[in-house]
Amino acid sequence: PILPTLRMVHKYPSLKFTSVTVDKGAIPFLLGGANVMCPGLTKDPGSIMPPDGVEKDANGFDLPGLSKGDGVVIFAEGKEHALAIGVMTMSSAEVRSK
């Protein structure tokens, strides 16, 4: 996928990119170069990931969650700016099942 740079995401915060939010405990590890792990995305209450089949489009059809290979902007719980840019290696349904 074509992904924005982190600099672009910070420069144009009004653009709404597909994003996920990780909990505060993941911040130092991600800044150190680690991959985002499933528990960091699914741990409540801080993490946010688009739901599967909950959102509707203009015609009333379910919108899917994230698919494998989708580009995402990664935010951290309680932080204003994006932390990283990445590509999903699992779908959001698979992440929730882990």
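Read along the sequence, the protein chain follows the pattern α-β-α-α-β-β-α. This is a predicted model, in which local features need pLDDT of at least 70 and side-chain atom pairs count only at pLDDT 80 or more, while totals for chains, interfaces and linings use all residues. Residues are numbered from 1 along each chain as its sequence is written, and side-chain values use heavy atoms, with hydrogens and water left out.

Q: How many helices and strands does the protein chain have?
A: Helices (H or I, at least four residues) and strands (E, at least two) are taken as DSSP runs, numbered from the N terminus. On that basis the protein chain has three strands and four helices.

Q: In which order do the three strands form the open sheet?
A: Two strands pair if DSSP finds at least two bridges between them. S1 and S2 pair in the parallel sense over four bridges, whereas S2 and S3 run antiparallel and are joined by five bridges. The pairing in the open sheet is therefore mixed, and the order of the strands is S1-S2-S3.

Q: Which strands stand at the edges of the sheet?
A: An edge strand here has a single partner strand, so one side of it is left without a neighbour in the sheet. This applies to S1 and S3.

Q: Which residue takes a positive phi in the hairpin of S2 and S3?
A: Across this antiparallel pair, Gly71 stands opposite Val87 and Phe75 stands opposite Ala82. The hairpin has five residues between the strands, and the one with a positive phi near 80° is Gly78.

Q: Is Ser91 buried or exposed?
A: Ser91 lies in the loop between strand S3 (82-87) and helix H4 (92-97), and it touches Leu66, Ser67 and Lys68 (contact means heavy atoms within 4.5 Å), not counting residues up to four places away in sequence. Buried means under 20% relative accessible area, exposed over 50%, and partly exposed in between (1.4 Å probe, protein chains only). With a relative accessible area of 17%, Ser91 is buried.
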